[in-house]
Amino acid sequence: MATYEGLVKLGTLRNGATIKPRPTLPWRITSEPYAGAGVGNIANFNTDPVITNWNIGDTDANDANKLQWHKIKDGAKTLLICDRVILVNVSWDDLHSDNRVFGKTITIDGQQYKLRLMTGGSNYRSGTDAYSGGAPTANEWDRFVTREEAITGLPSPASSDLDTTLNNTDKNSAHNQFWNWMGVYSWAQETYAGNSADRVQRGYNSARSWGLNGATARYSNLGWRPVLEVLNSVPSVTLTSPADNQTLSEGQAIYTGNNDFTIRLTADDADPSDTLEYQIKLNGVIKRDWTPIARNTPVDYTFLKADYTKDRNSFTVTVRDSQGGQTVFNGYLDKVQGLPVNVVSSAYLVSRMSPPVRLNNGWLVGCVIDNGVSSGGVSYSLLYVSRDNGKTWTYGAGRGWTTGSFSSLNSMVTNGKFVYLLFCRTTGPTIYLQKYDPETNAILETEMILDSDQTAINSVSIAITPDSTKLWWAASSKNSTYPNSFNIRKGEIPINADGTLGEPSAVKQATNLNVTTAHFYNPIVLMVNRNPLIIWEYSQSGAYGFGGQYYAGSSWKTINFTGYDYPGIYKTSFPQTNPSATVSVDGVIHLAWQGADGNDTVTQWIRYTRSADGGVSWLTTPKKLVKGQNAVITSDKNGKLFITYEDGGYIKRIESTDEFTTWSGPVIVEQGSKPASLYDPTFQTPFTVPPTIYQTSSAVRYYGILNQQPTVTLTTADGQVLTEGATLQVEGSTIDYDVDNNVLVKYRINSGPTRNLASGVSDGVTPISFARGLTYRNKRIWDGVTDVIGVDLVEDAEHILRVWAEDDQGGKSAEVIRKFRVVWNRPPEISGVNGDLGILEMAPVVTYSVSDPEGNDFTVVEKINGVELRSYPGEPGREERFEIPLDTWLRLEPGVLHTMAIEATDSEGSKSIRTYTFTRFEDAISFEIEVPWPTDAAAKRILLTLDMSFPPGAVLLAEATNNAFDESPVWEDISFNARYGRGYVFHNDQKTADKWGVSVRVHIEKGTATEPIEIKGFGGAFD
């Protein structure tokens, strides 16, 4: 009996290298299956009708691109049945040509599968009732989709799922949402029992619907629903670092410095008969070729520093089984990139509350404290700037006094252009705010006094609102009102539109204890959902923990313990101190600190808790992570968490993608203390190691791996004018100075969709070239058969091509722009110019040639006064002659304007016309009987009647002959008789020919006539 084992997200459909997202409207794509359903968005095979170009491959990271399968254990088989059709307009024969009907072996994520179709029955179950199901009944569609076999976890179709009509009830039903049969047929394996030319299809109108179609049929409502049959389980791989017994994560960058690095490999396989072997590569070079490995038996391998050929060295560990299944583990060994560098070569102090900040231009700014030891008793707050992603640092500006000293605690934020520094002077003590411009290295505005006449200051913190319109600050201090306890004080400062500071608010007291046994220390100000949150450390009569307040839009609310009568996030009887907090991109608040517990009453451990509701509630039991102190927590744009801390005199780091349910590390940086890591609340700083400054015995050091933005060079000419069939060559290169980044070059025209241009893996030195020829055709831009924009381009308007590059670390280059114009399809070109040929006595002849600017085929039509005389397929450049036939010429009325037209029309429908006008002139009309009338004897008389208009002044000559067959007939003048309709008596009675014949001829001259002469016809008789 079969069992259902749940939904599996696995594999991605690709057309060549192009990822095809999982259809979100999985029904027919050319029209609605019923009114209001909308048109589906399943991938269309007709866009590239080569089946081997459409493949299911390794799973893409984007969830929207992952195919979804229902996993069914069917006896000894494990089946994955796709929950929807993923390709339409593909025929059964198309699938069968690549063995996808009955089965071919494919590999997805290292696992082998048999790719095939479901069985659906080879005939109607009942007569020709398409809604009765398929026969035999043991087919997979009826067993699993229609659920004729009772399988727990698979939905049963409702009656509305089995009727013959489609509507919203069908689309939204639980059964259809599970199997997506509505509005699209799925090919099945079987040949129809009644006709070997037909194949079986299932679904569309009903979950049980059984139908058939020709094996070669390609329709937009019929497609491929794949099935995967699991063939072999891939090996499992675990890598650890034996030096610290930490588990390594896929894709982890491991800082090695210039040291060897040892990994420990453990492998296993669910298939008991499989044997295993492994291979290790460094930078693509095999270091240990295929070597047998026993199950669950660790094997060590050491990467030698002499083999590190790059700043970042990629390594792969591959384990394969005897059936061909394999698992690949990828990681990186960082040798130079991200090595610690000096910010300043002096033993200055670092405030753990003042991590570095990053400006919009990519510069980093860090703050250190000179406590006067190295500067003759003068205390300074010193700002240092890095303009090259932390590789080098230069002094920017400082603030100091000869009287009094700076506290070693400060805090700073940025609006992307200016830096706002909150610092303390022990004389007073006083809290100040200072504004700094890194671009000009200038301290701007007089320092602002925020809080004075405190008796002691423990620490300070500052945050900036997301829109950079306000600063919120907090401090732990004593004053004359509460002289016995450190309490939390808070305030706000508006930021004007130009970045200058407004008038600060009055300082408010957040806590107000006044006993020597209770204190609130180390406040942290964060912005959560655009509102401030303050977290602080407290100790009170043997109780330790963390509390805070959050701003609820109009008032401050206190974070309360469950079951306690005073505020808090966490409470214990063991000391807890040095909190650090961050907010991840999903709005979750993360808090890390150091503390002891009942099992480790002296040894400090790094601990962690979180709040997903703005600080209202927190984990009941915080997580105990690693030994250490002075932890600082931060998050990247993907929500990955980093805790950097000190342990045993070393700076170390752990990382987690699941809120420290699991984590990787620790990574040892070097000897040092008091780390302070960048937190960018805008999440615009891409990094793989958070930028961190820390103290050493002789310097302030920086360590971090920031992603550099790729750059694009585009050689495509600007200002091109594209005519029909022209190519817009998008060509150039991109370079990413970070090693092993996956770089993707993209482009967009106008407001059309973004499309991929090229991709590659950076080595930090070699440009990645790209070239793509886009064709202008039919008013649109085409990339092969793909309509790039989807709309017509306006003629003689400026169009914009944008090209940029993105890397997999979030870096994006500046967009490079090229402008171009288009000329719609031009009509054929006819030689010559339009004109008037004048008054003509003879029919004109016009010579011309035709060509098409785009090389299209064309047809030429010649017309006289709009009447077609000739039509023919054009030949580019060939000389043609437009001649008026004599009979047509004679029919043209003299004295009026006539038009000769040459029309050329191309295959796209564009037409051009060349016209010539002329006036036919006649001052004489002549005609003669072409074939004489034979007679038996000499004709004696003739009567010629002329139907004509004969104005005064015209001259008529009419002649007749009765020996018309002679070589030289005798023509006798019958003008008078013809003029007045009288008979004429021939005088001639001789002939030389062998027979007699009669003929007439007429010649009329205009003479002095001023009116037109018109011959309508003639008649007559002879005897």
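Predicted model: local features only at pLDDT ≥ 70, side-chain atom pairs only at ≥ 80, totals over all residues.
Asp 796 belongs to the loop between β63 (786-787) and β64 (799-807). With a relative accessible area of 59%, Asp 796 counts as exposed because its value is over 50%.

The backbone was also examined for cis peptide bonds. One of them runs from Ala 135 to Pro 136, where omega is near 0 degrees. Pro 136 lies in the loop between β12 (129-135) and α2 (140-145). Another cis peptide bond leads from Gly 665 to Pro 666, with omega near 10 degrees. Pro 666 is part of a strand, β52, which covers residues 664-671.

Thr 716 is placed in the loop between β56 (711-714) and β57 (720-722). Although it is a loop residue, Thr 716 has a relative accessible area of 4%, and so it is buried. Apart from residues up to four places away in sequence, Thr 716 touches Leu 728, Gln 729, Val 730, Glu 731 and Arg 818.

Glu 903 is a residue of strand β73, which spans residues 897-906. Its relative accessibility is 13%, so Glu 903 counts as buried, the limit being 20%. When neighbours within four places in sequence are left aside, the contacts of Glu 903 are Thr 859, Val 860, Val 861, Lys 863, Lys 911, Ser 912 and Ile 913. For Lys 863, the side chains take part: a polar contact of 3.3 Å joins them to each other in the pair Glu 903 and Lys 863. Leu 364, by comparison, is 539 residues from Glu 903 in sequence, and the C-alpha atoms of the two are 70 Å apart in space.

Strands of a sheet pair through backbone hydrogen bonds, and the pairing is either parallel or antiparallel. The sheet described here consists of three strands in the order β80-β77-β82, and its pairing is antiparallel. The edge strands are β80 (984-985) and β82 (1014-1022), each of which pairs on one side only. Strand β77, made up of residues 941-949, is joined to β80 by two bridges, and these two strands run antiparallel. Within this pair of strands, Arg 941 has Val 985 of β80 as its bridge partner.

Rolling a probe the size of a water molecule over the atoms shows where empty space is left. The structure contains three cavities of 30 Å³ or more. The largest cavity has a volume of about 70 Å³. Ten residues line this largest cavity, and those closest to its centre are Arg 312, Thr 688, Ile 705, Asp 738 and Asn 741. Sorted by class, the lining of the largest cavity comprises three nonpolar, five polar and two charged residues.

The second largest cavity has a volume of about 50 Å³. Its lining is formed by Thr 644, Ile 651, Arg 653, Val 669, Val 689, Pro 690, Thr 692, Tyr 694 and Tyr 703. Two or more of these residues come from each of the elements β51 (650-656) and β54 (687-695). The most is given by β54, which supplies four residues to the lining of the second largest cavity. By class, this lining holds six nonpolar, two polar and one charged residues.

Definitions and conventions
Residues numbered from 1 in each chain as written. Heavy atoms only, no water. Pairing = 2+ DSSP bridges. 1 Å grid on protein atoms, 1.4 Å probe; cavity = no way out; pocket = protein on both sides within 12 Å on 5 of 7 lines; lining within 4 Å. Points joined across faces, edges and corners; volume = space filled by probe spheres on them. Nonpolar A, V, L, I, M, F, W, Y, C, P; charged D, E, K, R; others polar. Buried < 20%, exposed > 50% of the residue type's maximum accessible area, 1.4 Å probe, protein only. Contact = heavy atoms within 4.5 Å. Polar contact = N/O pair within 3.5 Å; in protein donor to acceptor, adjacent residues only side chain to side chain.
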